[in-house]
Amino acid sequence: MNQYDAIVIGAGLGGLSCAARLSALGYRTAVFESHTLPGGFATEFTRKGYTFDVSLHGVGGLEEGSFGRLLKDCNADQRIVPLRKKHPYSIRWEGQNIDIPSDVQEYVQLLKNMFPAEVAAIDSLFAGIRRFETGFSAFSSLTSWRRAAGLLKAGTFFRWTQMTTWEAVSQFGLSDRFTEFFTALWAYYGLPPKRLAAVYFFIPWIGYHMEGTYYIEGGAQALSNALVDAIKSAGGEVHLRSQVSEIMLERGKAAGVRLKKGDVYKANWIVSGISPHHTYGRLLENYDAARRELEAVSSLETGTSLTQLYLGLSCEPHKLGITEEDLILRNEPDSETDYEVMMSGQYTKGNWMLTNYNAMDPKLNEPGKGVIAITFLDRLENWPAARPEYKAKKEAVTEQILGCLEQLYPGFRSKVVVAELGTPRTMQRYTANPDGAVYGYAQTVRQSGIKRLKHKSAVDRLSLVGAWTQPGGGFQGAMNSGIMEADRIAAKLG
Ligand SMILES: Cc1cc2nc3c(=O)[nH]c(=O)nc-3n(C[C@H](O)[C@H](O)[C@H](O)COP(=O)(O)OP(=O)(O)OC[C@H]3O[C@@H](n4cnc5c(N)ncnc54)[C@H](O)[C@@H]3O)c2cc1C
């Protein structure tokens with residue numbers, strides 16, 4: 001029977017979490033996904049016998065922490081194996097590789113040893129982060145009868161929601177050099193600290209430093225598969241190779257979807273886990289109100305994309321001297337300059353992240369096979385649309401990166417068996433996200449918190465979830481969006 005309580009379009013983490021939560025709450029739910037695998041960005045691919053995780057580098061708070069709670073809400077927590085990382089990340093800083101300790105007190109001590117003139121200001125910063133954390137938890141667990149008390153405690157949190165990451169750190173009188181070191185992970189959130197909203201830096205920071213940093217056994221695909229299992233075990237369905245071409249309306253309300261191959265499925269509620277641009281622009285193109293919405297959603301600032309070089313090696317990375325799990329290779333000390341050079345395609349002048357998958361999950365590939373990835377911020381305009389030029393640029397950029405790696409790790413080149421470059425065009429082609437954006441809208445102060453796109457759409461009984469919507473991008477943001485909206489839909493459906 002083609003009739004459901006809810007239909008979800010797109011099996012990215014937002015869509016899958018929404019479907020898993022609705023299924024866990026007892027609603028008959030079906031997901032339709034264009035691709036052959038579930039997960040959107042949270043997926044994998046294989047080349048010459050090597051398995052490559054497309055996106056996961058790390059998440060905070062997998063076991064008893066905030067991410068673990070999201071998995072419980074989806075009934076997926078028992079379906080994955082968390083792998084605790086030794087360090088949240090490591091950083092090549094002024095020629096030396098520094099491991100960031102996973103224990104917060106040790107981290108504070110490291111900072112004080114490195115910046116002895118700023119000891120008092122470092123204490124003030126960490127006291128501020130603790131107030132932010134208390135405020136954030138109070139805000140997140142607000143129930144109506146505790147609202148007043150919760151709001152009082154949430155003061156620092158609310159103040160920081162109006163700040164950039166840079167403003168939040170430098171309010172304690174810390175030097176620029178300290179702030180650059182402390183915020184080095186900014187590239188994972190898509191904008192340099194002077195533009196990145198403080199909430200998008202500090203909420204994951206709390207997860208990473210206070211709740212533990214994790215990888216998942218089997219990588220991002222294992223997480224997506226766990227959500228699919230949770231949906232199916234609760235009686236839901238996940239249809240792959242099923243591109244939705246139209247959202248159907250009845251008396252102004254969303255009532256079903258039509259697939260590209262022609263089949264029609266009906267539901268009491270439709271959830272779109274794809275970009276709002278495609279939801280309004282392609283799936284609702286015959287609907288007048290959607291045209292106005294398309295203009296509104298297209299006028300917001302789109303976030304950055306990433307380029308990632310996936311490398312399969314004929315030896316394990318430690319044999320080449322790569323021992324860290326996640327290493328920020330810092331060539332450019334100034335984050336604004338770093339961002340500008342990356343956005344203008346001068347990749348060898350900026351900073352990269354090196355991820356060592358063998359160190360995070362030794363079982364992802366057979367013993368003796370090495371897998372690493374080099375990641376940096378990028379944008380679609382840096383990549384020509386015409387196929388021959390695009391291919392030539394991919395080869396040239398791959399060569400540049402391999403040249404730099406050879407200098408850092410002599411003998412590296414001779415070990416390369418697979419070198420596959422995923423560019424913003426690749427990200428766009430596989431997920432249909434405009435400009436290959438990986439975190440949806442830019443995570444600025446103006447596009448954060450309640451100012452970010454809401455889940456409730458312009459069409460009755462149609463919801464939007466995923467990185468473009470509240471609370472934001474990344475694994476945790478996308479999953480949170482799906483769960484928050486599933487709870488609202490459940491309350492509406494009764
Ligand atoms: C290289 C890389 C590294 C990253 N590293 C991290 C990290 O370490 N930690 C972290 O937290 N985040 C990371 N991210 C970001 C994170 O992966 C994304 O923000 C998040 O997965 C987005 O989820 P989403 O729900 O918005 O859906 P998306 O992943 O955008 O998926 C949307 C899905 O909808 C499908 N779809 C589109 N149109 C249709 C249609 N018409 N019909 C049916 N299906 C359709 C697509 O095929 C896709 O499967 C990374 C991303 C990349 C690319």
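This is a predicted model: local features need pLDDT of at least 70, side-chain atom pairs count only at pLDDT 80 or more; totals for chains, interfaces and linings use all residues.

Reader: Ok, and how long is helix 10, in residues and in Å?

Author: Helix 10 covers residues 219-233, so 15 residues by its count, and runs 21 Å from its first C-alpha to its last. That is close to the 21 Å expected at 1.5 Å a residue.

Reader: Which residues of helix 10 are buried?

Author: The buried ones in helix 10 are Gly219, Ala220, Gln221, Leu223, Ser224, Ala226, Leu227, Val228, Ala230 and Ile231.

Reader: Back to phi. Which residues other than glycine have a positive value?

Author: Lys48 is one of them, with phi near 45°. Ala432 is another, with phi near 65°. For background, most residues other than glycine have a negative phi.

Reader: Where do I find Lys48, and is it buried or exposed?

Author: Lys48 sits in the loop between strand 3 and strand 4 (50-53). It has 66% relative accessibility and so counts as exposed, the cut-off being over 50%.

Reader: And where's Ala432?

Author: Ala432 is in the loop between helix 16 and strand 19. Its relative accessibility is 35%, so Ala432 counts as partly exposed.

Reader: What about cis peptide bonds, where should I look?

Author: Look at Gln470 and Pro471, which are joined by a cis peptide bond with omega of about 0°. Pro471 is in the loop between strand 19 (462-464) and helix 17 (474-493).

Reader: Since you mention helix 17, how accessible are Ala478 and Lys492?

Author: Both are in that helix: Ala478 lies in helix 17, and Lys492 lies in helix 17. Ala478 counts as buried because its relative accessibility is 8%, while Lys492 is exposed, with a relative accessible area of 53%.

Reader: How far is Lys492 from Arg461?

Author: Their C-alpha atoms are separated by 9.3 Å, and Lys492 and Arg461 are 31 residues apart along the chain. For Ala478 I can give you Gln171: 307 residues apart along the chain, with 30 Å between the C-alpha atoms.

Reader: Switching topic. What can you tell me about the second largest pocket, starting with its volume?

Author: The second largest pocket has a volume of about 360 Å³. Its lining has 19 residues, and Phe45, Arg47, Val54, Thr426 and Tyr430 lie nearest its centre. The elements giving two or more residues to that lining are strand 3 (44-47), strand 18 (416-422) and helix 16 (424-431).

Reader: Which element gives the most to the lining?

Author: That's helix 16, with five residues.

Reader: How does the lining split by class?

Author: Eight of the lining residues are nonpolar, six are polar and five are charged.

Reader: Why does the second largest pocket lie between domain 1 and domain 3?

Author: Because both of them give residues to the lining. Domain 1 is 3-82 + 217-301 + 440-493, and domain 3 is 305-378 + 384-422.

Reader: Now cysteines. How many disulfides are there?

Author: Zero disulfides in this structure. Take Cys18, which is in no disulfide: the nearest cysteine sulfur, that of Cys74, is 9.0 Å away. For a disulfide the two sulfur atoms would have to be within 2.5 Å.

Reader: Is Cys18 buried or exposed?

Author: Cys18 is buried, with a relative accessible area of 0%.

Conventions: Residues are numbered from 1 along each chain as its sequence is written. Side-chain values use heavy atoms; hydrogens and water are left out. On a 1 Å grid over the protein atoms alone, a cavity is a set of points where a 1.4 Å probe fits but cannot get out, and a pocket is an open set with protein on both sides within 12 Å along at least five of seven lines; lining residues have an atom within 4 Å of a point. Grid points are joined across faces, edges and corners, and a volume is the space filled by probe spheres set on the points. Helices (H or I, at least four residues) and strands (E, at least two) are DSSP runs, numbered from the N terminus. Ala, Val, Leu, Ile, Met, Phe, Trp, Tyr, Cys and Pro count as nonpolar, Asp, Glu, Lys and Arg as charged, and the others, Gly among them, as polar. Domain bounds come from an automatic or database domain assignment. Buried means under 20% relative accessible area, exposed over 50%, partly exposed in between (1.4 Å probe, protein chains only).
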